[in-house]
Amino acid sequence: MELTGWVKNYEWGRVGINSAVAQLAMANDPDFSLNEKESYAEMWMGTHLCGVSIVKETGETLDRVLKKDLPYLFKVLSIKKALSIQVHPNKCEAERLHKDRPEIYKDPNHKPELAIALTPFLALVGFRPVTDIADFIDEFQPLTKLIGKEAVQQLHAYPNADSLKLCYEKLMKSDDAVIAKCIQDISKNYQKELKENELLDVFNTINKDFQGDVGVLSIFFLNLVRLQPGQAIYLGANEIHAYLDGDCVECMACSDNVIRAGLTPKYKDVEQLIASVIFQGGAAHSKLFVPYRIDDTVQVYVPPVDDFAVINVAIKHTVDTYKLQIQAFGSILLCLGGSRTLRLNTKDGAKDITLTRGSIVYIPVEAAPEIEFVSAEDCGEDFTAYIATYNYFRLA
Ligand SMILES: [Zn+2]
């Protein structure tokens with residue numbers, strides 16, 4: 001079943017043809033008309049009510065055809081301006097938050113998420129090693145002033161979760177005017193130090209986009225992670241993060257629960273964030289999420305939750321036919337490049353579907369145990385696709 005994704009034009013998205021979302025939407029749908037001045041932020045693939053996919057042949061929504069919801073939501077993101085600093089609650093917290101404040105926490109589900117870079121991708125992920133944070137606070141004196149000598153001394157004497165929490169809480173609960181002054185002082189007097197620490201570009205960019213926002217100072221506390229295409233990060237419950245720049249595919253449990261802490265005009269739930277977030281420092285490279293390689297063609301990103309996994313299929317153009325073993329769960333395939341004929345079983349019998357960049361296909365349970373990628377004529381380009389599915393790899 002071929003699908004059309006649901007495009008979201010949030011203002012933080014990349015503009016016009018620079019957006020991977022716009023490029024893929026155009027390639028998917030000949031009727032898609034590109035506006036060069038419009039932001040194209042996200043494309044959703046799945047059954048989530050806020051952006052359900054459409055079945056191309058009939059125009060029906062995917063949830064109506066399947067008569068059920070998929071446990072995961074698959075997306076392409078194209079980011080020009082930082083998304084908010086956030087954590088996602090675990091299942092118990094999500095249930096409680098939804099019950100107490102349904103207007104903010106809209107469903108009772110957790111939202112672990114996996115982002116795989118399509119272009120060079122920049123994100124803040126988890127706290128830096130605590131001793132590095134202490135060194136930054138020393139080097140950038142306006143921060144020492146803001147957080148206060150006592151808390152900073154404790155951070156040096158006991159570089160652990162408690163003292164990190166004490167300092168971060170001081171930062172997050174400072175008055176807006178005090179925060180704005182601190183950012184201004186650093187901006188004015190610490191350009192050289194920012195540059196030496198490779199923070200100058202990111203500091204200036206987010207300070208321009210979110211002037212005076214406490215999130216600007218979070219770059220001294222959180223790891224700056226740079227991903228190359230194919231590299232991934234996994235955000236489990238209560239792991240603090242913010243996506244800053246680049247294109248990625250993203251897969252997550254079907255939920256929209258976000259506890260925000262900065263870089264946003266939206267509601268910041270600082271109390272809940274401090275209560276939930278994991279105060280554990282760790283090196284940036286430890287944040288990379290490494291896929292499991294099946295063979296020369298296929299690797300699988302297997303997160304520690306049941307809701308979803310992502311399969312990467314990269315077939316050399318010299319390979320004639322590639323057979324992929326799958327299990328009987330509904331999956332969604334997104335083609336990013338090259339061309340192949342997808343041969344699979346459906347409830348109406350065997351079917352061939354031509355895949356090119358932008359193709360989105362729902363792979364039904366009847367397709368198990370095997371789908372085939374048959375070489376298409378006159379194509380000298382290697383084939384690449386990502387497939388979102390239920391995480392049956394955990395059972396194996
Ligand atoms: Zn998130």
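View 1. The model is predicted; local features require pLDDT of at least 70 and side-chain atom pairs pLDDT 80 or more, whereas totals for chains, interfaces and linings use all residues. Residues are numbered from 1 along each chain as its sequence is written, and side-chain values use heavy atoms, with hydrogens and water left out. The protein donors are Gln86 (OE1), His88 (NE2), Glu113 (OE) and His241 (NE2), at 1.9 to 2.3 Å from the zinc ion. Donors are N, O and S atoms within 2.8 Å of the metal (3.2 Å for Na, K and Ca); water is not among the atoms, so sites may look incomplete. The arrangement is irregular because the 4 donor atoms subtend angles of 89 to 162° around the zinc ion. Four donors count as tetrahedral if all angles lie between 85 and 135 degrees; four count as square planar and six as octahedral if opposite donors are over 155 degrees apart and all others between 65 and 115; anything else is irregular.

**View 2. Packing of helices H4 and H6.** Helix H4 (residues 130-139) packs against helix H6 (residues 149-157) at an angle of about 145°, and their axes are 9 Å apart. Axes are lines fitted to C-alpha atoms, for helices over the stretch in contact, with angles from 0 to 180 degrees between N-to-C directions. Helices (H or I, at least four residues) and strands (E, at least two) are DSSP runs numbered from the N terminus. Val130, Ile133, Ala134, Asp135, Ile137 and Asp138 of H4 meet Val152, Leu155 and His156 of H6, contact being heavy atoms within 4.5 Å.

**View 3. The open sheet of 4 strands.** The strand order is E18-E23-E20-E21, with antiparallel pairing; two strands pair if DSSP finds at least two bridges between them. Strands E18 (321-325) and E21 (349-355) are the edges, each pairing on one side only. From one strand to the next, the twist averages 25°. Strand E20 (residues 340-346) pairs with E21 in the antiparallel sense over 7 bridges, and Arg340 has Leu355 in E21 as its bridge partner.

**View 4. The open sheet of 8 strands.** Antiparallel pairing links the strands in the order E6-E1-E22-E19-E24-E17-E16-E15. The edge strands, E6 (54-55) and E15 (292-293), each pair on one side only. Strand E19 (residues 331-337) runs antiparallel to E22 and is joined to it by 4 bridges; Ile332 stands opposite Tyr362 in E22.

**View 5. Backbone features in two loops.** Ala368 and Pro369 are joined by a cis peptide bond, with omega about 15°. Pro369 is placed in the loop between strand E22 (360-363) and strand E23 (370-375). Glu198, a residue other than glycine, has a positive phi near 55°; Glu198 lies in the loop between helix H9 (191-196) and helix H10 (200-209).
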